[in-house]
Each structure stands twice: as structure tokens, then as C-alpha cells.
Amino acid sequence: MISVAGVSMRYGSRVLFEDVATTFSSGRRYALTGPNGAGKSTFMKLLTGELAPQQGTVSRPPKLGVLRQDQFAFDRFRVVDTVIMGNQRLWSALEERERLYAKTDMTDGEGMRLAELEGVVGEEDGYTAESDAAILLEGLDIPQDLHERTMVELQGGQKVRVLLAQALFGHPQALLLDEPTNHLDLDSIHWLQEFLVHYEGTLIVISHDRHFLNAVCTHTADIDYQTIITYTGGYDEMVVAKTQIRSRLESQNEQRDKKIAQLNDFIARFSAGTRSSQVQSRRKEVERLQTTELARSNIQRPYIKFTMHRPSGRNALEFKNVSKAFGGASVVTDFSAIVNRGEKIVMVGRNGVGKTTLLKALLSDAPGIAPAPQDLDTGVIRWGHEVSVGYFAQDHTGVFDNASQGFTPGAAALTPAKTTIVEWLHRFDPDASRQDIHALLGQMLFSGEEGLKPTDALSGGETARLLFCRIMLQKPNVLVLDEPTNHLDLESINALNVALQRFEGTVLLVTHDQDLMEEVGTRVWHFTNGRIEDFKGSYEEYAGTLAE
């Protein structure tokens with residue numbers, strides 16, 4: 001169990017939360033929700049002990065599993081050892097035991113200490129630690145041939161999965177996970193869901209994956225109104241309950257306002273007359289009925305709407321025998337397909353199987369995108385009549401370095417480093433008025449003076465929202481989106497989901513967000529075992545065929 005009493009955190013005049021008192025019980029799984037900037041990660045750091053509260057206390061069990069954010073802290077250690085470090089008591093005992101065994105002559109005291117350490121190793125399941133760690137790693141798609149390597153040899157996404165295994169290792173009494181599904185493919189997310197559903201301790205998780213939260217969590221602790229309110233159920237159930245409570249309070253206030261207006265009218269008409277006792281009674285009633293001033297919610301919802309200048313031809317894209325290899329290893333081989341106008345294709349499969357590679361191959365000579373012939377080895381690609389492409393790349397490196405409509409990540413800088421948001425966006429439609437640009441930015445939560453913010457000062461979430469502004473300004477009829485939810489909060493992801501469902505054009509989408517797959521996709525390209533399966537139907541229908 002984790003308990004919080006009277007905890008407050010503020011930065012200058014900005015209050016994140018005030019006098020919070022809540023308990024996270026054992027056996028329950030809590031989603032910690034709230035929009036970007038609400039203080040979720042700050043509150044999580046208070047729970048882990050990384051931050052001390054400015055006011056109040058936090059009580060936590062001695063054995064915590066925490067998802068570490070520093071990918072480089074364990075670079076010199078073996079992968080399997082990094083996982084075992086998740087049980088600090090066991091790891092300390094193993095290190096000390098190894099030092100004692102390395103001695104050529106051992107004192108009686110050291111021999112007794114060695115016996116104590118062997119007891120600790122036994123209590124903490126240390127004799128099966130490496131095999132237990134291997135099971136976690138393999139479930140998170142870290143193959144056995146990497147277990148003996150050092151962390152420095154792994155890629156960034158692999159390091160994150162190892163650190164997740166570290167948090168899960170050693171039967172912690174409480175698990176604190178900040179964005180555990182980042183860098184996980186769908187199979188790994190499903191494995192993690194299953195693991196957490198059977199976890200018996202206290203779980204507190206921050207995630208922007210709505211489907212994951214709904215599948216895993218029994219309760220939702222929502223940061224809003226400068227406090228934390230706990231609701232029963234997953235994310236969707238919290239939204240319904242929160243909306244109902246707010247609506248009820250607003251309705252009660254509205255009824256009180258009407259009653260107060262009637263009483264004040266009586267007081268105004270009869271205050272100078274003979275009915276002074278009735279007037280006095282109504283004045284007291286007005287004081288009693290004064291409406292409660294509702295705290296303002298910090299939730300902000302962007303408005304995303306994709307429209308087209310004009311539709312494409314009936315066939316938006318046709319390609320034959322598309323192939324791409326890296327270092328002699330084939331990634332995409334002889335894939336052919338016809339994409340019809342209005343189809344929404346979701347690409348699914350393990351990380352590294354070629355989803356982004358295929359998108360880049362198809363875009364290598366796309367209208368409005370900077371040519372990149374190196375992204376295609378062989379094959380013929382024909383984009384349809386009147387096609388215009390809006391591209392959201394997974395890697396945003398260099399996105400602000402090129403003022404042209406198409407861009408190549410990493411291209412030489414052509415735009416001054418201090419270009420503002422408004423100036424950068426205006427280049428994609430010079431005919432748009434400044435008022436139109438500011439209105440579009442306002443839709444995506446860039447308010448007032450934020451339009452003058454330099455592009456090189458944007459966070460990941462702000463960059464993603466600005467890229468959607470660009471696409472909305474361009475009004476393309478084909479959207480190519482590679483992991484568009486990576487830096488978005490839940491409110492923005494929900495807005496994107498609705499916008500893609502309503503979009504009348506064509507969509508090629510790479511995502512690990514299961515709600516997007518199920519609610520947007522009308523066709524599935526599944527990458528597995530070096531081939532791509534083309535299924536003409538929804539993701540839900542495709543998943544049904546796998547279960548048969």
C-alpha cells in the first residue's frame with residue numbers, strides 16, 4: 001500500500017496539486033491520468049521518492065518496482081544483471097557474496113557473513129534469478145542472444161524494455177510505471193497487459209494508451225482541479241463518471257442561480273414595504289444558497305479535422321514488387337498492392353520488421369515529398385491522379401530545418417534557428433492570413449503569444465501538434481502517419497482517433513495504439529516472419545482470424 005497525506009506541489013504561482021490525501025491499496029491497479037503538464041510525472045516521482053513533497057508525507061513499502069528513465073545508467077552491466085538489479089536486496093547480496101568468494105583466505109567472521117548472504121539469496125529466489133530474468137526479457141522481445149551482452153550494445157528501444165523488465169523483477173510490493181508501453185510493439189504490450197492483470201501488489205501506471213489502461217486498471221486516479229480524485233474503473237469509466245459529476249454540479253448551480261434570482265427579485269420589490277420579516281428571511285436564504293464556484297478543469301482538448309482540397313482518383317496508390325534491404329538483409333521483399341481511395345490501412349507487427357521502411361519506400365517519389373531514391377531498392381510505385389500527401393514521420397529530427405512542403409529528416413538547415421511557430425507554418429500556405437494561422441494554432445492548443453515561440457524550443461508533444469497543424473493547413477487527400485501518437489496525451493490521441501475516422505481520404509497508418517487500429521482501420525498489413533499479409537477488413541476482424 002502507498003499512502004499520501006497533505007501533499008502539495010507548486011512551481012511559482014502555478015499549483016499542480018494542493019493538500020492531496022489518498023491511498024493506493026494493495027491488489028488494485030491504478031491509472032494516473034491528466035493532460036500533459038498536469039503533474040503526473042511529478043506525482044510519480046513523489047511516490048518513488050525521487051522528489052520530496054513541498055508539504056505533506058508519502059508512505060511506501062520497502063520493495064518498489066520503478067521504471068527507470070535513464071537509459072544510460074546501466075551501460076557497463078550485462079543485460080541480465082540489469083534486470084536482476086530490480087531486486088536491490090538480492091543484487092547487493094550477490095555482489096558482496098562474489099567479493100567474499102574471490103578471497104583466498106576467509107576469516108571466521110567473513111564465513112559467517114557468507115552464510116547470511118546465502119540465506120538472503122535463497123529468500124529472494126536468487127538461485128533462479130537469471131532464468132526468471134530471462135523469462136521477463138523474452139516476454140518483452142529481448143532475445144536470448146542479447147542477455148549476456150552489455151547494455152551499451154543495445155538500441156534505445158531495447159534498453160527501455162530491459163528497464164521495464166528490471167521494474168517487474170523480484171516480486172515488488174508496488175509497481176510504479178511511467179509510460180511502460182513506449183517503444184513496445186503490440187505483442188509486447190499484450191504480454192505486459194497479461195502480466196499486470198495477474199500482479200497482486202499495488203500498481204500505479206501512467207500511459208497515453210487508452211486501450212492499455214482500460215484493459216489493465218481497476219481504478220483511475222485523475223489529476224485535475226488542483227487535486228487527485230480516484231474513480232472506480234478504467235480510463236473510459238473515469239471519463240463518464242467525471243462528466244456526470246461535473247454536469248450534476250453545474251446543473252445544481254444553475255438551479256440555485258434561478259432560485260437566488262427569484263429571491264433577490266422579492267427582496268428588491270418589498271424591502272421598503274411592510275414585509276420586512278419575509279425580506280430578511282429571503283436574504284438569509286440567498287446567503288445559504290450562494291452557488292459553489294466550481295474549480296476550473298486543466299483538461300484542454302485539441303480540435304483536429306482533416307479536410308481535402310480535392311479527392312484523389314479512384315486508385316490512390318499502386319505498387320509492384322517493392323523491396324528494400326539494409327546491409328544485405330532484406331527487410332521488405334517483393335510486396336505489391338493497390339490502395340483504393342478512402343481505404344484506411346493499419347500496419348502492424350513487431351518492432352524492426354519493416355513498417356517504417358515500407359512507408360519510406362512508398363514515399364521515395366511521392367507528390368509533395370522530397371525525393372529519396374535511396375529508400376527504394378527495386379519496384380514500381382504509381383501514385384494516383386490528383387494525389388496530395390500529408391506525412392507525419394516517426395523521427396522528427398530536422399523537421400524544422402526545411403521550409404519546403406516536403407522534408408527529409410537530417411537535411412541541411414535552410415530555416416533560421418529562431419523561426420517562430422507562426423512563421424514556419426505560414427510557409428506551407430503563403431496565401432493563408434495570419435488570423436487563419438492563429439485560429440488553426442488555437443485549435444491545437446497554441447494560445448496567444450505561443451505562436452511566437454521559436455520552433456527549436458518546442459517539446460515533443462508541441463512538435464507533434466504543430467505537425468498536425470501543417471497537415472490540416474495543406475489539406476491533403478492521403479495521410480501517411482508513422483507512430484503519430486508517441487508524444488500525444490490521451491485527449492489529443494482521442495481527438496486524432498475521431499478525426500481519422502471522419503476523414504474521407506486515404507490513410508496509411510503505423511501505430512501500436514490498439515484503439516486506433518480497431519476504430520480507424522479498414523484494412524491490415526501484418527508484417528511477420530519476413531513477409532507482409534494483406535487482409536482486407538478491420539483489425540478486429542483480422543485478430544478474430546488469428547484466434548480461430
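The buried residues of helix α5 pack against α2 (79-84), α3 (88-101), α6 and α7 (186-197), where buried denotes under 20% relative accessible area, exposed over 50%, and partly exposed in between (1.4 Å probe, protein chains only). Packing is described here through contacts, meaning heavy atoms within 4.5 Å. The residues of α5 that are buried are A129, A133, A134, L136, L137 and G139. Helices (H or I, at least four residues) and strands (E, at least two) are DSSP runs, numbered from the N terminus. The model is predicted, with pLDDT of at least 70 required for local features and pLDDT 80 or more for side-chain atom pairs, while totals for chains, interfaces and linings use all residues. Residues are numbered from 1 along each chain as its sequence is written, and side-chain values use heavy atoms, with hydrogens and water left out.

The axes of α5 and α7 lie 9 Å apart, and the two helices pack at an angle of about 130°. Axes are lines fitted to C-alpha atoms, for helices over the stretch in contact, and angles run from 0 to 180 degrees between N-to-C directions. Helices α5 and α7 are therefore oblique to each other, given that angles under 35 degrees count as roughly parallel, over 145 as roughly antiparallel, 65 to 115 as roughly perpendicular and the rest as oblique. I135, L136 and G139 of α5 meet S188, W191 and F195 of α7 in this contact. By class, the contact of α5 with α7 comprises four nonpolar, two polar and no charged residues; Ala, Val, Leu, Ile, Met, Phe, Trp, Tyr, Cys and Pro count as nonpolar, Asp, Glu, Lys and Arg as charged, and the others, Gly among them, as polar. Helix α5 is followed by D141, which has a positive phi near 65°.

The crossing of α13 past α14 is right-handed; a crossing is termed left-handed if the near helix is turned anticlockwise from the far one by less than a right angle, and right-handed if clockwise. The contact involves I437, L440, L441 and Q443 of α13, together with L466, C469, M472 and L473 of α14. In the contact of α13 with α14, seven residues are nonpolar, one is polar and none is charged.

In soluble globular proteins, nonpolar side chains tend to be buried together. A nonpolar core is defined as a set of buried Ala, Val, Leu, Ile, Met, Phe, Trp, Tyr and Cys residues joined through side-chain atoms within 4.5 Å. The largest such core contains 51 residues, and those with the most contacts inside it are I84, L177 and L196. Helix α6 (residues 156-168) gives the most to this core, contributing six residues. A second, separate core of 46 residues includes I437, C469, I471 and A495. Residues up to four places away in sequence aside, I84 touches L90, W91, L94, A129, E130, A133 and F169.

Individual positions were also examined. D125, located in the loop between α4 (108-123) and α5 (129-139), has a positive phi of about 55° although it is not a glycine. At 37% relative accessibility, D125 is partly exposed. D19, in strand β2 (residues 14-24), likewise is not a glycine and has a positive phi, of about 50°.

H219 belongs to strand β8 (residues 219-224) and is buried, with a relative accessible area of 11%. Beyond its neighbours within four places in sequence, H219 is in contact with R28, R29, Y30, A31, T230, Y231, T232 and G233. G349 is situated in strand β12 (residues 344-349) and counts as buried at 13% relative accessibility. Not counting residues up to four places away in sequence, G349 touches D185, K355, H512, H526 and F527. The C-alpha atoms of G349 and T511 are separated by 9.5 Å, although the two residues are 162 residues apart along the chain.

Overall, the protein has 17 helices and 18 strands. Its C-alpha trace spans about 105 × 80 × 55 Å along the principal axes. Of the 548 residues in the protein, 50% are buried. Among contacts with a separation of 6 or more, 67% are accounted for by residues 24 or more positions apart.
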